[in-house]
Amino acid sequence: MTEQPTQEVVQPALEMRLPDTLLEVNNLKMYFPITEGLFARLKGYTKAADDVSLFIRKGETLGLVGESGCGKTTVGRCIVRAYTPTAGQILYKNADDKIVDLAPLDRKTVQPYRKEIRMIFQDPYSSLNPRMTVFDIISEALKVNKLMSQSEMEDRVEYILQRVGLRPEYIKRYPHAFSGGERQRIGIARALVTNPRLIVADEAVSALDVSIRAQILNLMEELQRDFDLTYLFVSHDLSVIRHICNRVVVMYVGKVVEIATGLDIYMNPKHPYTEALMSAVPVSNPRARDKGARIRLPGEVADPSNPPPGCYFHPRCRYAKEQCSAETPVLRDMGNDHFVACHFAEELTLTGVRMA
Amino acid sequence: MTENNNLLEVYDLKVHFFTDEGVVKAIDGVDMNVVNGKTLCLVGESGCGKSVTCRAFLGIVQKPGRIVSGQMLFRQNDRMIDIAKMDPKGQEIRQIRGKEISMIFQEPMTSLSPMYTVGNQIMENILLHTGASKQEARERTIALLDQVRIPKPERLVDEYPFRLSGGMRQRAMIAMALSCNPTMLIADEPTTALDVTTQAQILDLMLELQYKYGMALLFITHDLGVVAEIADEVAVMYLGKIVERADADTIFNHPQHPYTQALLRSIPKIAMRREELDPIKGMVPSPFRRPTGCNFNPRCPKAMSVCREIVPSMTQLSPGHTVACLLYESNIKNRKEGEQA
């Protein structure tokens with residue numbers, strides 16, 4: 001266990017200094033051990049999240065984007081404490097403005113926060129237990145947290161069902177009786193029922209058809225206004241993120257490479273990976289085809305258990321210089337809510353998403 | 001009919017699934033044509049019948065499905081032959097399937113066999129359809145892998161699929177599909193399981209190879225962004241019928257069918273400011289309880305009372321632009337009276 005990282009000093013640039021911050025993640029590390037052989041000899045670590053720092057303001061929707069395997073789901077799961085992080089802080093400000101670090105808490109002590117930070121899952125088919133009724137699924141969190149009596153629970157579940165656009169009569173039905181979009185509404189109801197303050201939505205609309213996806217996105221925005229919710233929206237779909245998010249975090253191989261407001265990240269990216277990602281987004285108008293050349297990234301995504309030295313992106317980066325393979329860039333504040341982890345962020349002039 | 005440049009002409013194709021609960025009309029009267037060397041995108045939501053349509057072209061409709069009626073005329077050596085009449089297990093279709101028409105499937109993880117090396121699977125197709133010897137087939141396989149830009153093809157040819165990433169597997173699938181120089185390539189959601197940057201690489205590769213070999217590409221997807229990137233022509237499907245067909249620019253900038261219009265309104269636009277999305281109301285109806293008249297009428301913002309009674313037929317608005325909607329049919333009255341009489 002020699003590689004076990006130690007707790008690092010909080011970076012001053014991202015301290016929980018803003019009064020309106022709800023959650024702040026500092027230097028979060030989530031390493032999964034790779035073992036080998038009969039006695040599970042330790043071979044190394046998959047660094048799924050490596051020094052991730054970000055913050056979520058109260059009432060906003062923060063987008064977390066990146067390609068598969070970049071660690072975005074891992075970060076989401078650490079925040080809801082489905083995983084116990086290897087190192088780092090998850091600072092959460094509760095309703096009484098008290099700041100707690102969720103990262104080191106154990107099963108018992110984290111319990112009170114479980115009802116405040118909830119999750120919506122990607123697959124509306126596998127995330128609902130087929131042998132539980134809608135009432136059982138939605139009320140489970142209330143039961144576990146012993147929040148109310150049986151009759152109160154029934155009223156609460158019926159009310160929540162109505163709010164997510166389902167008829168309260170459906171309360172005794174099983175999930176198989178619902179379509180994909182309706183199931184996702186049940187998933188949302190399950191997250192909402194405990195009156196949460198933060199919801200982590202992990203690819204919540206990725207499995208849905210476009211017409212249903214729009215219904216669910218509108219519903220989530222409406223609920224956010226009415227229930228004063230904060231969202232962490234994890235997705236690989238950049239057009240959905242553009243639509244729903246105030247600010248966006250871009251991840252690459254376990255690291256945050258850029259954080260900026262929605263408009264900035266799409267129109268004015270400062271990290272070469274973000275630029276490549278934006279240029280790869282298909283624009284839904286054939287007239288955009290000739291506007292600006294698409295950047296073809298050479299090679300493949302780095303292996304998180306054996307990342308390249310220096311900046312993880314340098315073997316694929318067309319602007320890479322010598323410094324990039326030697327020094328790991330840190331996330332720097334560029335002003336205007338824009339944070340970038342690139343040595344040459346000031347010098348590069350990068351292009352944003354193509355326009356029709 | 002032989003004067004034009006059509007590679008495939010489909011007339012009134014119907015594929016029905018005879019299940020225990022009833023008959024599902026997965027494809028209910030599709031007319032379409034695929035032009036030599038062009039890209040046609042077939043778009044629609046899940047369950048609209050786009051995958052079944054292309055399976056019908058290869059004679060691989062799964063049971064309990066069956067081609068009930070229709071013609072599928074495919075040009076082979078300047079003759080039009082009807083695929084619909086062929087025995088799906090017979091010799092004739094085997095001369096076409098995998099050779100003249102080949103297909104790329106959605107899931108690069110499951111469509112390659114884990115038991116055979118990548119090279120073996122590609123060689124199988126070459127050995128089956130050409131008279132090549134094993135050595136020649138192997139050389140051709142390595143050349144193909146090189147062409148789809150797989151690094152070190154002479155080493156990779158002996159690897160098993162699990163050693164390859166998703167993007168690399170999809171490249172191997174493309175190599176397999178191209179192995180016999182097909183005149184038509186069907187791609188069923190080939191990039192849906194891939195990340196955006198990998199998707200961009202694969203789309204570029206497919207367009208480049210299409211240009212090089214001059215084959216027709218039938219591209220099936222639900223992603224309108226991908227359609228806008230690659231399509232020459234677009235056919236929009238809803239519940240087993242094609243509702244609108246036109247060139248890509250017309251579909252995206254002057255759509256005429258209410259379903260196409262609604263579909264385009266419901267997608268978030270990346271280059272625009274945030275605004276409320278305009279979803280299509282309701283849900284896709286159950287396959288056993290299709291609405292009467294026009295399939296889209298319960299969800300259509302422009303539905304008229306007559307839409308519940310009459311099934312719209314394809315109307316030509318301008319050359320190359322057809323739409324199946326009663327808004328554009330001038331002789332509704334005559335038709336209505338005719339049907340009642």
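Into which domains is chain A divided? Chain A is divided into domain 1, made of residues 1-116, 197-209, 228-283 and 291-356, and domain 2, made of residues 127-195; these bounds come from an automatic or database domain assignment. The model is predicted: local features need pLDDT of at least 70, side-chain atom pairs count only at pLDDT 80 or more, and totals for chains, interfaces and linings use all residues. Residues are numbered from 1 along each chain as its sequence is written, while chains are lettered from A and ligands numbered from 1 in the order in which they are written.

In chain A, the C-alpha centres of domain 1 and domain 2 are 31 Å apart. Five residues of domain 1 of chain A and seven residues of domain 2 of chain A take part in the contact between them, where two residues are in contact if their C-beta atoms, placed from the backbone, lie within 7 Å. The side of domain 1 of chain A that touches domain 2 of chain A holds four nonpolar residues, no polar residues and one charged residue. In this classification Ala, Val, Leu, Ile, Met, Phe, Trp, Tyr, Cys and Pro count as nonpolar, Asp, Glu, Lys and Arg as charged, and the others, Gly among them, as polar.

The secondary structure of chain A consists of 10 helices and 12 strands. Helices (H or I, at least four residues) and strands (E, at least two) are DSSP runs, numbered from the N terminus. Chain A has a radius of gyration of 21 Å, close to the 21 Å given by the globule rule for 356 residues, so it is as compact as a globular protein of that length. The radius is taken over C-alpha atoms, and the rule is 2.2 Å times the number of residues to the power 0.38. The C-alpha trace of chain A spans about 65 × 55 × 50 Å along its principal axes. Of its 356 residues, 48% count as buried; a residue is buried if 20 or more other C-beta atoms lie within 10 Å of its own, exposed if 12 or fewer, and partly exposed in between, with C-beta atoms placed from the backbone. Among contacts in chain A between residues at least 6 apart in sequence, 66% link residues at least 24 apart.

Strand E10 of chain A (residues 255-261) has six of its seven residues buried, so it is largely enclosed by the rest of the structure. E10(A) pairs with strand E9 of chain A (residues 247-252) in the antiparallel sense over six bridges; two strands pair if DSSP finds at least two bridges between them. Within E10(A), Lys255(A) is the residue opposite Tyr252(A). The two strands E9(A) and E10(A) form a hairpin with two residues between them, and Val253(A) in the turn has a positive phi of about 45°. E10(A) is also joined by two bridges to strand E12 of chain A (residues 339-340), and these strands run antiparallel. Here Glu258(A) has Val340(A) in E12(A) as its bridge partner.

Chain B has 11 helices and 12 strands. Its radius of gyration is 21 Å, close to the 20 Å that the globule rule gives for 341 residues, so chain B is as compact as a globular protein of that length. The C-alpha trace of chain B spans about 70 × 50 × 45 Å along its principal axes, and 46% of the 341 residues are buried. The domain assignment of chain B gives domain 1 (111-181) and domain 2 (253-340), with 44 Å between their centres, taken over C-alpha atoms.

Four strands of chain B form an open antiparallel sheet in the order E2-E1-E4-E5. Strand E2 (22-35) and strand E5 (79-82) of chain B are the edge strands, each pairing on one side only. Strand E1 (residues 6-19) and strand E4 (residues 65-76) of chain B run antiparallel and are joined by eight bridges. In E4(B), Arg66(B) is the bridge partner of His16(B).

The contact between the chains takes 36 residues from chain A and 33 residues from chain B. On the side of chain A that touches chain B, the elements giving two or more residues are helix H6 (210-227), helix H7 (238-244) and helix H9 (272-280) of chain A. H6(A) supplies the largest share of that side, six residues. By class, the residues of this side of chain A divide into 17 nonpolar, 11 polar and eight charged.
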